[in-house]
Amino acid sequence: MASPAICDRNNRNDGENGSWSMGLCGKVMNKVVEFPIKLKKLGQDDPRRVVHSLKVGLAVLLVSLLYYVQPFYNGLGDTTMWAVITVVVVFEFSVGATLGRGLNRILATFLAGALGFGVHHLASISGEIGHPILIGIFVFLLAASVTFIRFFPRMKARFDYGLLIFILTFCLISVSGYREEEILEMAHKRVSTILIGAFTAVFVCIFICPVWAGDDLHNLVANNIEKLGSFLEGFGDEYFKVAGNGESNRAHLQGYTSVLNSKQSEETQANFARWEPRHGKFRYRHPWRHYLKIGNLNQQCAYRIETLNGYLNSEIQTPLNIQSNKVQELCMKMSSESGKALKELAWALKTMTEPCAAASSHITKSRAAANNLTSMFRTSAAAAAGEGGYQVRLQDMVPAVTVASLLSDVVAYAEQIEKSIQELASFPHVQFKSAEPKTLQSCNTSSSNVGPHHVITMDRLASLQVQEPHKEIGTKLQRVSSAI
């Protein structure tokens, strides 16, 4: 008969095992319930994913039918599986990516197949002993040289997959030909099935709900500009705590963070877009690489905005005696006008319309505010030196000078983004719609560098130049900081 202690221990073990089993079952059930929810969310985020999955299934089904059509199977035999493999490895999300991989595979297969057959024929002439030696030498040299070529940046960006297929196909044709008598027939079947698979993938990808990498790149760059503009429009009110804005809007200002990490995505999409034919509003030889230039300016501007965002959460804030004077007004004007300009430019790029005079007008106003603020800081530094109040004024002015300097950088990048978009619109292979001619009268500023009134027309917009360059502002701000 078991003792009471042993029975109690057994009961506790049974209870622990039961609770562990219940916990495991609960976790498994939660995973089972969460999985359909995640699938639904994944499809709702981008419905094109669902369509792409169906397209891949359709393409694989079409090439699989070669097994069941007797004439095709009699001609191709078991090599029909290469058509299925080709569809699986070639079919990508966008048309550009599919075309790139498909053409890479076709060209590499043709070249490697022809070269492999030639090497096999040459080796067969050398006799039974020299045959494997000559093939081994060619395999080593080609594999080593092609692998080294893959390290070139341009070759890796556009032809890396083709170079890999070239090595694979050459080895399959030349090495297997040593044991295979009908090498020409084997090469013909393999090339034929790869062609069938590649053309099936490209046909389905282009003619059934196509996804163009060029469209994605175009929209990505335009949306990034709009995100930068949204932050700048709300930064002034949030930083200076303008009266009447009781609720914090910082969560709405965080959209710019995606711009910081968009470089790799833009480069990938630009590479895919270069493979695509004419579609929609994009002609042949569309300058896709110019989008990378605009994207780089977006990222440089986003880095400055990231620093500005740090001041929203910083314990060191601009004192009230600085906030209440002209500095607050000018900083807010620089931020809001730059944000409006970037939003105008984002709309112009997205709709492929030539930048209107409104964007140039906003940039001119923000530049005038930057010039006025520079003059004000220079005057304040001279007054502080005359009064001998270095300690107090240093603490008061440093945060404002830093924020003003960053905003001045942002204004300079907004100007460069505008010039880049105008340059894109001027390319001969780009179809930008002409904006309606508008006459704008700029605001009268107190800066001595900006005239009282200027009439800006579309004819003068291209020749409009900012009177004081960004480098002079940065130098003056540095002088102010050193003087303080």
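Let me start with a term: buried means under 20% relative accessible area, exposed means over 50%, and partly exposed is in between, with a 1.4 Å probe and protein chains only. By that rule, F203 and F207 are both exposed. Hold on to that pair; I will return to the rings.

First, what you are looking at. This is a predicted model, where local features need pLDDT of at least 70, side-chain atom pairs count only at pLDDT 80 or more, and totals for chains, interfaces and linings use all residues. Residues are numbered from 1 along each chain as its sequence is written, and side-chain values use heavy atoms, with hydrogens and water left out.

Now the overview. The protein has 18 helices and two strands. Those are DSSP runs, numbered from the N terminus: H or I with at least four residues for helices, E with at least two for strands. Of the 484 residues, 42% are buried. Contact, for me, means heavy atoms within 4.5 Å. Take the contacts with a separation of 6 or more: residues 24 or more positions apart account for 78% of them.

Next, the rings. How is a pair of aromatic rings described? By the distance of the centres and the angle of the planes. Rings of Phe, Tyr and Trp (its six-membered ring) pair if their centres lie within 6.5 Å; planes under 30 degrees apart are stacked, over 60 edge-to-face, and the rest tilted. This structure holds eight such pairs. Back to F203 and F207. Their ring centres are 4.9 Å apart and their planes are at 40°, so this pair is tilted. They sit four residues apart in helix α8 (residues 183-207), which means about one helical turn separates them.

Another tilted pair is F282 with W288: 4.9 Å between centres, 50° between planes. Are these two residues buried or exposed? Both F282 and W288 are buried. There is also a cluster, in which ring pairs link F148, F151 and F152.

Charges over rings come next. The rule: NZ of Lys or CZ of Arg within 6 Å of the ring centre and within 35 degrees of the ring normal. R101 lies over the face of Y161, at 4.0 Å from the ring centre.

On to helix packing. Helix α11 (residues 263-273) packs with helix α12 (residues 288-312) at about 170°, axes 9 Å apart. Axes are lines fitted to C-alpha atoms, for helices over the stretch in contact, and angles run from 0 to 180 degrees between N-to-C directions. Under 35 degrees is roughly parallel, over 145 roughly antiparallel, 65 to 115 roughly perpendicular, and the rest oblique. Therefore α11 and α12 are roughly antiparallel. Who meets whom? From α11 come K263, E266, E267, A270 and A273; from α12 come W288, L292, G295 and Q299. By class, that contact has four nonpolar, two polar and three charged residues. Here Ala, Val, Leu, Ile, Met, Phe, Trp, Tyr, Cys and Pro count as nonpolar, Asp, Glu, Lys and Arg as charged, and the others, Gly among them, as polar.

Stay with α12 for E306. E306 is partly exposed, at 36% relative accessible area. Leaving aside neighbours within four places in sequence, E306 contacts Y256 and L260. L260 is 46 residues from E306 in sequence, yet 8.8 Å away in space, C-alpha to C-alpha.

The loop between α11 and α12 holds R285. Its phi is near 55°, a positive value in a residue other than glycine. Most residues other than glycine have a negative phi. R285 is exposed, with a relative accessible area of 67%. C209 also has a positive phi, near 45°. C209 is in the loop between α8 and α9 (213-240).

T80 sits in the loop between α3 (70-76) and α4 (81-90). Why does T80 count as buried? Because its relative accessibility is 0%. Not counting residues up to four places away in sequence, T80 touches V63, L66, Y67 and T193. T80 and L66 are 14 residues apart in sequence and 6.9 Å apart in space, C-alpha to C-alpha.

Then D160, in helix α7 (residues 153-176). At 17% relative accessibility, D160 counts as buried. With residues up to four places away in sequence not counted, D160 touches R150 and M155.
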